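Subject: Structure handover

Hello,

I am passing on a structure that you have not worked with before. Please have it open while you read; the notes follow below.

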Amino acid sequence: MKYYDKLIFELSRPGRKGYSLPKNRFDRNALAALPAGLKRGEAAELPEVSELDVVRHYTNLSSKNFGVDTGFYPLGSCTMKYNPKIDEEVAAHPGFLTLHPLQYSGSVQGALELYYNLQKMLSELAGLEEFTLNPYAGAHGELTGLMVMKAYHQRRGDLKRTKVIVPNSAHGTNPASAMVAGLQVVEVKSKPNGSIDVEDLKPLLDDTVAGIMMTNPNTLGMFETEILEIARLVHEAGGLLYYDGANLNPLLGKVRPGDMGFDIMHINLHKTFATPHGGGGPGSGPVGVREGLESLLPNPKVVKREDGSFELVCEEGAFGNVSSFLGNYAVMMKAYAYILSLGKENIRLVGPMATLNANYIKENLKDDYLLPIQGVCKHEFVFDGLKDKSTGVTTLNVAKRLLDYGFHAPTIYFPLLFHESMMIEPTETESKETLDEFIEVMHKVAHEARETPELVLDAPVTTLVRKLDETTAAKNPILTYRALLAQQDGND
Ligand SMILES: *Cc1c(COP(=O)(O)O)cnc(C)c1O
């Protein structure tokens, strides 16, 4: 291990400093006036390090990370695509950066116009009437959308509708959001190809159903061809259709959820519309609704007056608020810049290119990896591990071996429909050369699994830390240096 790879506390030496403050910076009288309960009894235990130590430590640390800017990141169901740097530049525009949320509408017309226009662009792309950009993330958008659904039924006095139908292949946030919204989750079975079993759906559709949550293409990357029939059945039963549009890549410019019959949806700006994600935020999960539901969308709202000016308003029809002010504004600026830089002509290519790239990898690897669902996929697909099951090499082993070759692993063991799931989504932003290199490495790993399986079973060998004990890490997390010391004491 390199010296600067040590923990920052291990670099600490008593008395070493990384700062110098002017003397008498603080007013002693003001310090004395602090209530006793708020004063520190003893100095904080902070690492004592020089500025150079800090710079080297964190610069080295940052280079250990893997991101979409360092290599191919084929993470299914999570759209890790290239985030153009121009979007970051736009989001850092000082005219927007220094705004305060409590400024009166007249002084922030540009910011409100951007919000309004982005909302309109998303409406056009989704085939829906109106969007709120206030929710902070995909799951937050789901909760918001479900609260719209609930409010819709309650306003009509239809209080029996408390159930939401969710396919068993759905993203985990779907049933979780339904529970948080106070709705009851009813599972509908998927057919072997991952699409909803319409025969299983029919008997579930009674007058207690608030709606159904689904996504199309489904979690296995296959287009739900019976969507119009499903929409007809759910609407006939008095329910609404919710679309999980976290990953809208495959549809962009080709198909609109509104045209398929969906009433409410969310989009992840941080997956589909170019905001870096994966580190926990910031995100943005705008929610769109069809005509007739827009008054229910949460406050505050941005409206355009007849004279062309914009205003921030709170309307009585809304079911409430879901965020402070207008949500994660910087993320909206990135999405706005992204949509404008692609333009109407090029945004049409996103879906077809994402689909082409996924099918290219799938077809080139299906001799070595088990493809449970044949046929043309959309932006992603699932392998059920290696085709040759006699080697003892699992999906986890393959994923770890990919790290040695400089690729991020695909999503593994999700969806739960197969034992050895490996979900691959290349996205539309990768070149053919990158895809070819990935295919070559995947073949190489399959070859190793047959000829020299220990190489794959022992992986990763080139990363800073080897195979991690994920169970212990989750059950007994050590999150502070003090906890680490206590554990080491315990072991001595
Ligand atoms: C990522 C994702 C979500 C959740 O989005 P967050 O922003 O992480 O809350 C929901 N549904 C699907 C299909 C997703 O891929």
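Two residues count here as being in contact when they have heavy atoms within 4.5 Å of each other. This is a predicted model, in which local features need pLDDT of at least 70 and side-chain atom pairs count only at pLDDT 80 or more, while totals for chains, interfaces and linings use all residues. Residues are numbered from 1 along each chain as its sequence is written, and side-chain values use heavy atoms, with hydrogens and water left out.

Lysine K271

Leaving aside neighbours within four places in sequence, K271 is in contact with S77, C78, T79, K81, A246, N247, N249 and H277. K271 sits in helix α11, residues 269–272. Helices (H or I, at least four residues) and strands (E, at least two) are DSSP runs, numbered from the N terminus. K271 is buried and yet has no salt bridge. Buried means under 20% relative accessible area, exposed means over 50%, and partly exposed is in between (1.4 Å probe, protein chains only). A salt bridge is a side-chain nitrogen of Lys or Arg within 4 Å of a carboxyl oxygen of Asp or Glu. For K271, the nearest side chain of opposite charge is D244, 6.9 Å away; for charge, Lys and Arg count as positive and Asp and Glu as negative, with His and the chain ends not counted.

Helix α12 and K362

Helix α12 covers residues 329–365, and K362 is part of it. α12 has 37 residues, but its end C-alpha atoms are only 41 Å apart, short of the 54 Å that a straight helix would reach at 1.5 Å a residue. That expected span is 1.5 Å times one less than the number of residues. At G343, α12 bends by about 95 degrees, the bend being the angle between axes fitted to the seven residues ending there and the seven starting there.

K362 counts as buried because its relative accessibility is 1%. The side chain of K362 makes polar contacts with the side chains of N359 (3.3 Å) and E363 (2.7 Å). A polar contact is a pair of N or O atoms within 3.5 Å; within protein, one must be able to donate a hydrogen and the other to accept it, and residues adjacent in sequence count only if both atoms are side-chain atoms. Beyond neighbours within four places in sequence, K362 is in contact with L371, G375, V376, C377, F381 and F383.

Salt bridges

How many salt bridges are there by this rule? The count comes to 26. One of them joins the side chains of D53 and R16 (3.9 Å, N to O). D53 lies in helix α2 (residues 51–64) and R16 in the segment before α1 (28–32), so this pair ties together parts that are 37 residues apart in sequence. D53 is buried at 6% relative accessibility, whereas R16 is partly exposed at 38%.

The side chains of K85 and D69 also meet in a salt bridge (2.9 Å, N to O). K85 is in helix α3 (residues 85–91) and D69 in the loop between α2 and α3, so the pair links distant parts of the chain, 16 residues apart. K85 is partly exposed, with a relative accessible area of 38%, and D69 is exposed, with 53%.

R232 is partly exposed at 40% relative accessible area, and E229 is partly exposed at 29%.

Finally, a network of salt bridges links R156, D158, K160 and R161.

Regards
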